[in-house]
Amino acid sequence: MKKIFALALALLLLAGCQEITGAPAEINWVLVEEGAYTLSDGTRVDKWEQEEFRFWQLYKLPDDGIELLREDAPAGPKDVVVGGQAVFSSLSEGAQENIKTYYEQRGLLYDIPTELEKAYAAYQRCQESGKEFSSFQVNQMISPCGANDTVCYYSTSVTTSYDVQLANELRLCDAFRRDTGEKIDTMDLFTISQEEAARWFADYYGKEAPMSAEMREAFQPEYVIFRSSGLEVMFPAGTLPSQKSATGLYLEYEEAEDILQEWAVPDPRESD
């Protein structure tokens, strides 16, 4: 069954501007680095940590103490468990080490200086409009999304502030051999080439639809997310010219059985 959805998270926590309603509750933060970043106009930004929760990083303007950006410590794959999914600790030590090394080498998929520039621009707009600025947030989480006896899948979700009262989420997927943790090239999960896959998913959306050509042009293998419940293709914000937010397709595995390797389909008993 075909489903098409747009992913734009309306999160008030990530609002750029809000009506001023009163002073916020007092939170204890510890300054860990003065002038950690310098913005393009020369403005310096300090780095803080919350005293009670060290997994939060906070970036503030030193002069007025304005909180520009809050960063959650990256999570996963080791410390993230999703109900019903293969637990990372159930893999062999060698497989765990290989998967962990892959993600350590890949690193973060967001850039703190870039997010600070966006947050500071929003702060300046709020000052001009006389409204209160609410800090942006960013986090990255790696979590299991599907598995069978041969392969295990992990999705990476990066949520960043997007605009006033909005956030954007980037979703990518990686496949690994379950016994060794060796990374599997995504296109090895298919029986067709990358070009053919791009055309197949675009045609699935609708051969004559205006966005079909955009999907065919923008398609990347890592946009395909293998979930226990079905196949998801998520085009990040900015990859489809006609769409402002991330846009995705969802389909049942039975609909794509002609283009997938039989061994690549997750076992639904390991449901998400």
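The model examined is a predicted one. By these classes, six nonpolar, three polar and three charged residues make up the lining of its second largest pocket. The volume of this pocket is about 190 Å³. Its lining consists of P74, A75, G76, P77, K78, K100, Y103, E104, G107, L108, Q140 and I142. Helix α1 provides the largest share, with three residues.

Two of the lining residues, G76 and P77, are joined by a cis peptide bond, for which omega is about 0°. P77 is located in the loop between β6 and α1.

The structure contains 16 aromatic pairs. One of them is formed by F88 and Y154, whose ring centres are 6.4 Å apart and whose planes meet at 75°; the pair is therefore edge-to-face. This pair connects distant parts of the chain, since F88 belongs to the loop between β6 (67–72) and α1 while Y154 belongs to strand β9 (residues 151–163), 66 residues apart. Both F88 and Y154 are buried.

W200 counts as partly exposed because its relative accessibility is 24%, and the limit for a buried residue is under 20%. Y204, with a relative accessible area of 15%, is therefore buried. W200 and Y204 also belong to a cluster linked by ring pairs, together with Y153, F190, F201, F219 and F226.

Charged groups are placed over aromatic rings at two sites described here. K60 lies over the face of W48, 4.5 Å from the ring centre. In the case of W56, the charged end of R70 sits over the ring, at 4.9 Å from its centre.

In soluble globular proteins, nonpolar side chains tend to be buried together. The largest nonpolar core of the present model has 37 residues, and Y153, F190, F201, F226 and L231 touch the most other members. At least two residues of this core are supplied by each of β9, β10 (166–177), α3, α4 (210–218), β12 (224–226), β13 (231–235) and β14 (246–251). The largest share comes from α3, which supplies six residues. Y153, F190, F201 and F226, named above among the residues with the most contacts in the core, are also members of the aromatic cluster.

Strand β14 contains A246. The relative accessible area of A246 is 0%, so this residue is buried. A246 and P236 are ten residues apart along the chain, and the distance between their C-alpha atoms is 4.4 Å.

How values were computed: Residues numbered from 1 in each chain as written. Predicted model: local features only at pLDDT ≥ 70, side-chain atom pairs only at ≥ 80, totals over all residues. Heavy atoms only, no water. 1 Å grid on protein atoms, 1.4 Å probe; cavity = no way out; pocket = protein on both sides within 12 Å on 5 of 7 lines; lining within 4 Å. Points joined across faces, edges and corners; volume = space filled by probe spheres on them. Helix = DSSP H or I, 4+ residues; strand = E, 2+ residues; numbered from the N terminus. Nonpolar A, V, L, I, M, F, W, Y, C, P; charged D, E, K, R; others polar. Phe/Tyr/Trp six-rings, centres within 6.5 Å; stacked < 30°, edge-to-face > 60°. Buried < 20%, exposed > 50% of the residue type's maximum accessible area, 1.4 Å probe, protein only. Lys NZ or Arg CZ within 6 Å of the ring centre and 35° of its normal. Core = buried A, V, L, I, M, F, W, Y, C linked by side-chain atoms within 4.5 Å.
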